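Here's a quick tour for someone meeting this structure for the first time. Have a look at it first, then read on.

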Amino acid sequence: TAWTPAGDGALAKRHRHLPNSHPTYFSRPITMVRARNCRFYDEHGRSYLDALNNVTLVGHSHPRLVEAAARQLGRLNTNTRFVYDVLSEYAERLTATLPDGLDVVYFVNSGSEANDLALRMSRYLTKREDVVIIDDAYHGYTSVVADVSPSRYRHYGKPDTTHPTPNPDRYRGRYGYDDPQAGAHYAAHVTETFDRLAAEGRAPAAFLFEALLAGGGQVVLPPGYLAPIFQTAARHGAMTIADEVQVGFGRLGEAFWGFETQDVVPDFVTMGKAMGNGFPVAAMVTTREISQAFDPAGRFFSTYGGNPVACAVGLELLNVVEEENLQDNALRTGQYLRDVLAALAPRHEIIGDVRGQGFYSGVEFVLDRETKEPASEETLIICERLKDRGALVYPTGPAWNILKLKPPLTFTPAHADEFAAALDAVLEEGW
Ligand code: PMP
């Protein structure tokens with residue numbers, strides 16, 4: 001039975017008025033009061049190192065973002081049919097981070113809306129319904145995107161138009177880290193799916209993917225995976241949608257956008273989360289040609305999508321990422337974090353794999369390194385114990401046995417050492 005908190009605090013009220021299915025982190029959730037850079041502070045004044053909150057790209061309460069939001073809120077905030085400088089300037093700056101051609105922005109309020117719109121446009125333009133996805137993905141909560149999110153439709157049945165393809169996980173999947181052709185092998189399954197559907201007279205409208213799998217278990221795409229899939233999609237006249245909601249904005253270190261690490265250019269790029277550092281800012285970006293072809297289907301308008309405050313925050317975030325060299329820090333310190341975590345593996349049998357790109361990493365826990373049986377219960381306990389030691393991280397993946405590490409891009413090597421020491425101590429204690 002669900003635990004019901006007593007009293008009249010934030011948690012008790014939340015339990016009374018939010019749906020039971022609305023998750024909170026930890027079995028005894030923490031009531032947070034404030035946060036700054038890489039640390040949260042709770043109602044008792046305890047501090048927690050944040051290795052979890054990928055929304056907070058440039059650190060909590062970054063003074064420049066706070067200032068930008070407050071200034072804009074005090075000057076002008078309105079619905080988006082008025083003309084104001086900050087929207088145009090932001091659209092120009094945002095598209096400058098993307099490959100040429102991707103220069104029309106649809107501002108929305110969440111990752112779900114961005115993916116919903118990209119799917120709707122793909123279906124309208126191709127006059128097809130079927131969508132190919134990567135298994136174990138999560139793409140959002142609206143009806144349309146829940147239907148392409150295995151962790152959601154698992155509870156009500158896979159829609160006939162959704163076609164999951166194998167998770168290209170080189171730790172657990174059919175083709176391992178030792179196979180230099182793993183990318184091509186996993187891609188061949190996607191090509192097979194496209195060919196089969198086309199032969200059945202139902203070629204897909206789109207291929208929807210993440211450039212590093214989040215819900216799929218912090219899985220780095222194998223080299224050479226996306227390029228052949230893009231060729232297949234082009235051959236079948238299908239559109240490509242890069243869901244950058246988790247991994248965009250420099251988090252992967254080597255590139256600003258995740259898809260760039262695989263040398264492909266999608267038809268649609270969807271983004272959110274980090275885009276406003278916690279303030280709701282999201283978008284779908286596509287080409288002028290695609291955008292115009294969709295126009296007859298109806299005008300696009302979102303009351304809040306691209307509102308002046310959202311644009312002011314999003315614009316300042318781009319400035320901060322650039323001026324503080326945060327993408328470069330993601331590359332260097334992200335690798336350092338994985339190095340210090342991998343150094344724990346020889347002493348702790350439970351560590352099966354340490355993987356990631358930039359500041360997007362996973363530590364996979366197993367009961368047995370040979371069978372790779374997931375240590376699901378243990379992973380949750382480890383996260384609870386880490387919390388008690390003041391370090392925040394949480395399980396992810398299909399079996400919930402992977403630590404998802406997505407700290408602010410301002411995380412330093414000292415933070416990485418602090419986190420690794422806490423994990424070492426928790427694993428030493430046992431359970
Ligand atoms: N895509 C991915 C990859 C996500 O992780 C999420 C959110 N977890 C979404 C889409 C949906 O975004 P939102 O919650 O902003 O609607």
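Sort the shell around the ligand by class and you get 4 nonpolar, 8 polar and 2 charged residues. Here Ala, Val, Leu, Ile, Met, Phe, Trp, Tyr, Cys and Pro count as nonpolar, Asp, Glu, Lys and Arg as charged, and the others, Gly among them, as polar. That makes 14 residues surrounding the ligand, with Ser110, Gly111, Ser112, Gly140 and Val245 the closest; a residue is near a molecule if its C-beta atom, placed from the backbone, lies within 6 Å of it. Helix α4 (residues 111–126) gives the most to this shell, with 3 residues.

Keep in mind that this is a predicted model: local features need pLDDT of at least 70, side-chain atom pairs count only at pLDDT 80 or more, and totals for chains, interfaces and linings use all residues. Residues are numbered from 1 along each chain as its sequence is written.

Now for the domains, whose bounds come from an automatic or database domain assignment.

| Domain | Residues |
|---|---|
| domain 1 | 31–58 + 325–429 |
| domain 2 | 63–323 |

Their C-alpha centres lie 26 Å apart. Across the boundary, 27 residues of domain 1 are in contact with 27 residues of domain 2, contact being C-beta atoms, placed from the backbone, within 7 Å. On the domain 1 side, α11 gives the most, with 5 residues.

Overall, the chain has 13 helices and 17 strands, which are DSSP runs (helices H or I, at least four residues; strands E, at least two) numbered from the N terminus. The C-alpha atoms fill a box of roughly 60 × 55 × 45 Å, taken along the principal axes.

How values were computed: Contact = placed C-beta atoms within 7 Å.
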